[in-house]
Amino acid sequence: RLQEFDIVIASQLDEATTIKLDDICQKVQKKLLTMRSHGCFGTAKISGSKTHCVVEAKPENRKLDLRLSESGTFKELSEYADKFEDLEAMDEQRFAHVPWAVLVLVAKKRFKNSNKTLEDDYEAQKEFKEFLKSMRRTKTELNFEEALENVRTAWQKPEVPENVSECFEKLPREFRRDEDEPTMMDAETDVSSFSNVVSLADVEASDESTKLFWIFVAALEEFSKRNKKYLPLDAGALPDMTSTTDAFVGLQKVYLEKAQRDQREMLQIVKETVVPNLKSKMMTTTTSSAASDNSNSSYINKIVDDIETNANDKQLEEFCARFCKNARDIRFVSFTSLADERDIWKWESKPEYEGKKEKIASLLSVDNPQRVCAYSYALLRASDAFEAKLCRKAGTYAPEEGVDNVAASSGTEKGKSMLFHRMTSDCGELRALVTKDLEAAIFQSTSPTKMDVENQSAVGSKQTSEEACTFLEQLACEVVRAQGGEIHAVASVVGGIVSQEAIKLITGQFVPSHGRVCVHLADGSSAILP
């Protein structure tokens, strides 16, 4: 029945139960959002389906791509800038309203005649900036101020953003042409990257938009190779600038037409290169005797059939326009399964866990302001283990003990005595459960370094280690005092975080958190744990 839902949300379930639910969600390729609050601590995590593709990441700061460099300027843009070549003949009003992007192009054309190149020559760049300053008539033209602020666009080299490169690395190898596939003999290819690609089985089991995402990632990689590492232009990226309406609209039209040409080229690559290549791979693997090749053929067949059946030309064009507009900001997000997360926090020795274990050790260090969240999550896991072991929550009495928990929590002298006795014993148990799994991490982050020993300051490190134990003891007491209860304010904060993450997952907009989000309202700290 989970197939009927977009995402699954689980609240206040213990670790063992959520791991079982996570396994089910992985099998049906559904996202799982789990949330917990315990006393002043709250946490939320995305798991289930292990990957998520984002087209509309909507970053706060986007890098300008106006193609003003030597290798980026296209014919129509140069022709438009030529209309403003005769700056000296303009009156003051028109001169002060030439778009700054045009001013940069005109200055580059004049500066080029002096046999100076800007791409890699720092001295030439400084000279160009002074040359641009010399072109202004007064110091009050705002368009020249804007041009000087953005002068680096004149020598900005094309580059594929890191987030896009990651998508290229994760692209299933079957989506590439044979001649484009990296080989094991390629010196620039990281051998470990072969094991990090997304599997065809995961793509086949995903929804239609995810299948389209990977097809267009393959087209984007081919597009960047054909266009000197440039990605499709986003016409909407043209910023506001001091200009007359006619000049700005004319410039906007030039960029819009270029963006539309890039979209048509991308669509052409999809239809004439990517999809035919997939069909070719399907025919090749069909004739193979290997079982793995036959299964790959089946996956490719289902992917191609799904796209050709469910995505008509209009839908492809709409997706292409949206993808090209956000090509620089696409994201691939992977989520750690709850079972893997459990093993990481249990300090299991696996090579793939080492990077995340180092981050945890760093978070547990004494000088890290986020250590409250790291220790609190470790204690939350310990409280689940405590309850599974003793059949009661930390800080409470089991029914067979014959003690009224309400009376034990009251403010009477007898109640205080009972609560103190229970807190003392349960704090020790929780602390032991935490150190059982994380002793190496806690003492690794507080052990004396070689420099400490040389400076005979190991005593200070010992005190730091003791301070870590004291800190853990204090937080353990808070967990026991909470007795597994929820505080309304904490629950509302965690619920707000989960609702935001749910909207991101459902709409495919903005980038969801890839780790475990933790908040501790008593301390006022927050962290994203690996």
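User: Which residue in strand 3 does His-38 stand opposite?
Analyst: His-38 stands opposite Phe-41. This is a predicted model, where local features need pLDDT of at least 70, side-chain atom pairs count only at pLDDT 80 or more, and totals for chains, interfaces and linings use all residues. Residues are numbered from 1 along each chain as its sequence is written, and side-chain values use heavy atoms, leaving out hydrogens and water.

User: OK, and how do strand 2 and strand 3 pair?
Analyst: Strand 2 (residues 31-38) and strand 3 (residues 41-48) are antiparallel, over eight bridges. Two strands pair if DSSP finds at least two bridges between them. Strands are DSSP E runs of at least two residues, helices are H or I runs of at least four, and both are numbered from the N terminus.

User: What's the strand order in the sheet?
Analyst: The order is 1-2-3-6-7, in an open sheet of five strands with mixed pairing. Strand 1 (7-11) and strand 7 (525-529) are the edges, each pairing on one side only.

User: Which strands does helix 1 touch?
Analyst: Helix 1 (residues 15-27) packs on the sheet and touches strand 1, strand 2 and strand 3. Contact means heavy atoms within 4.5 Å.

User: Switching topic: at what angle do helix 9 and helix 12 pack?
Analyst: Helix 9 (residues 208-226) and helix 12 (residues 313-325) pack at about 60°, axes 11 Å apart. Axes are lines fitted to C-alpha atoms, for helices over the stretch in contact, and angles run from 0 to 180 degrees between N-to-C directions.

User: Which residues make that contact?
Analyst: Among them are Leu-212, Phe-213 and Phe-216 of helix 9, and Leu-316, Phe-319 and Phe-323 of helix 12.
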